[in-house]
Amino acid sequence: MTRAPAASTALLTDHYELTMLQAALAAGTAHRRSVFELFPRRLPEGRRYGVVAGVGRALDAIERFRFDDDVLAVLRDGEVVDQPTLDWLADYRFSGDVWGYPEGEVYFPYSPLVIVEASFAEAVVLETLLLSIYNHDSAIASAASRMTMAAHDRPCIEMGARRTHEEAAVASARAAYVAGFTATSNLAARQRYGVPTAGTSAHSFTLLHDSEEDAFRAQISSLGTGTTLLVDTYDVTEAVRLGVELAGPDLGAVRLDSGDLGDLAHQVRRQLDELGATKTRIVVTSDLDEFAIAALGAAPVDGYGVGTELVTGSGHPTCGFVYKLVAREDDDGSMVSVAKKSKDKISIGGRKYALRRLNHRGVAEAEVVGIGEPPVNDGNDRPLLVPLVRGGEVVGRESLEAARARHRSSREELPLTARMLSKGETVLETIHIGEPEHH
């Protein structure tokens, strides 16, 4: 017999988080004040910037990170940790502080996207949960940003639910909306996050009826003349003619889902105009990505529906974020910087502060990261870290509309090279100021 998933997020983690906790509790080091940092060492190959998403979901997850009786039973029955650790977990409530880049902000290599300040015990158990949310949602938002940039002012609709895990589909719709998509096909995203939804019919609806005319009549009768008719089930030219005949010149839109979309869009636009349906829009779908969208820039297309490539990050389904201890309390009570020593996985110790350096025209020039203290603001630079959790209480929750607006403004202040879809280097250099004293 299956059971509905519990509301707690505590088991959305890795086994070793709790075994580390057990060993640290036994050693008496678990309560040392610590600073963890979530950051990328690099951008996905060829990408020029990334987009932060999942912040709101992460805050919700922290609030629900509780070891209730059902969760503790799993750990106890599986002998995952010992009884003293179970007793500690039973009272777990995150009481520390979290700072981070707000949702929709762009990021670069070594941007300190999340700073968690708490005891080692309280902070380490959040590692896997935070990484899974940020890595997924930011990958989707980063791809979505490139798509909406390629689309210019033409709307993009997210429609990838059937191409990914059912819960990932909801998160993807949310992340895409942050990065400029106007709607989603996913109704759970509407319920949970208020993302606008859209949709009309599939080929099966046309095939259900005895004729395309019967299908179109049924759809127009039920949904109105402003509906979108799918016109490539049989013959596109005949379907467009039939659609305008039945709906009149006020037909809302036609959708093309196969063939040479650019060539078809030109043919259909001419036909619609000749039939007097000059305001009828043309929407295209079918395995679109940012490159296909850009290639359709000269075609008379009014909107794009994007599925598979969006929910898989357009070739980069994760961002490669890591979560590292960068400072911790020493035996004398002072804080010391710590960092893993590795040639190919470089970490930089110390509590970070970040700002976006802008020139006199308001164009971004660099990501400036201060170690141990904030970098100097020359007057028009923009601080990037905002409080998300203070003393265990969420203080950084905001609307998706605010995140959408932030993304538009932060993307617009990037150098023009950020608009290039070809592979290239990151458009901003990350500069570290101050050297940590490694312990």
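Which residues in helix 2 meet which residues in helix 6? Let's start there, keeping in mind that this is a predicted model. On the helix 2 side they are Val-55, Arg-57, Ala-58, Ala-61 and Ile-62, and their partners in helix 6 are Leu-129, Leu-130, Ile-133, Tyr-134 and Asp-137. Sorted by class, this contact has eight nonpolar residues, two charged ones and no polar ones.

Now step back to see how the two helices lie. Helix 2 covers residues 55–63 and helix 6 covers residues 127–151; their axes are 9 Å apart and pack at an angle of about 160°. Helix 2 is therefore roughly antiparallel to helix 6, since angles over 145 degrees count that way. The crossing of helix 2 past helix 6 is right-handed.

From here, follow the chain to Glu-158. This residue sits in strand 6, which spans residues 156–158. Is Glu-158 buried or exposed? With a relative accessible area of 1%, Glu-158 is buried, because anything under 20% counts as buried.

What surrounds Glu-158 there, leaving aside neighbours within four places in sequence? Its contacts include Ala-173, Ala-176, Phe-181 and Ala-183, along with Thr-184 and Ser-185. Val-306, Leu-310 and Val-311 are also in contact with Glu-158.

Look next at the polar atoms of this side chain. The side chain of Glu-158 makes a polar contact with the side chain of Thr-184, at 2.4 Å. A polar atom of the Glu-158 side chain also lies 2.6 Å from the backbone nitrogen of Gly-160. Finally, the C-alpha atoms of Glu-158 and Ala-144 are 9.0 Å apart in space, while the two residues are 14 residues apart in sequence.

Methods
Residues are numbered from 1 along each chain as its sequence is written. This is a predicted model: local features need pLDDT of at least 70, side-chain atom pairs count only at pLDDT 80 or more; totals for chains, interfaces and linings use all residues. Side-chain values use heavy atoms; hydrogens and water are left out. Axes are lines fitted to C-alpha atoms, for helices over the stretch in contact, and angles run from 0 to 180 degrees between N-to-C directions. Helices (H or I, at least four residues) and strands (E, at least two) are DSSP runs, numbered from the N terminus. Angles under 35 degrees count as roughly parallel, over 145 as roughly antiparallel, 65 to 115 as roughly perpendicular and the rest as oblique. A crossing is left-handed if the near helix is turned anticlockwise from the far one by less than a right angle, and right-handed if clockwise. Contact means heavy atoms within 4.5 Å. Ala, Val, Leu, Ile, Met, Phe, Trp, Tyr, Cys and Pro count as nonpolar, Asp, Glu, Lys and Arg as charged, and the others, Gly among them, as polar. Buried means under 20% relative accessible area, exposed over 50%, partly exposed in between (1.4 Å probe, protein chains only). A polar contact is a pair of N or O atoms within 3.5 Å; within protein, one must be able to donate a hydrogen and the other to accept it, and residues adjacent in sequence count only if both atoms are side-chain atoms.
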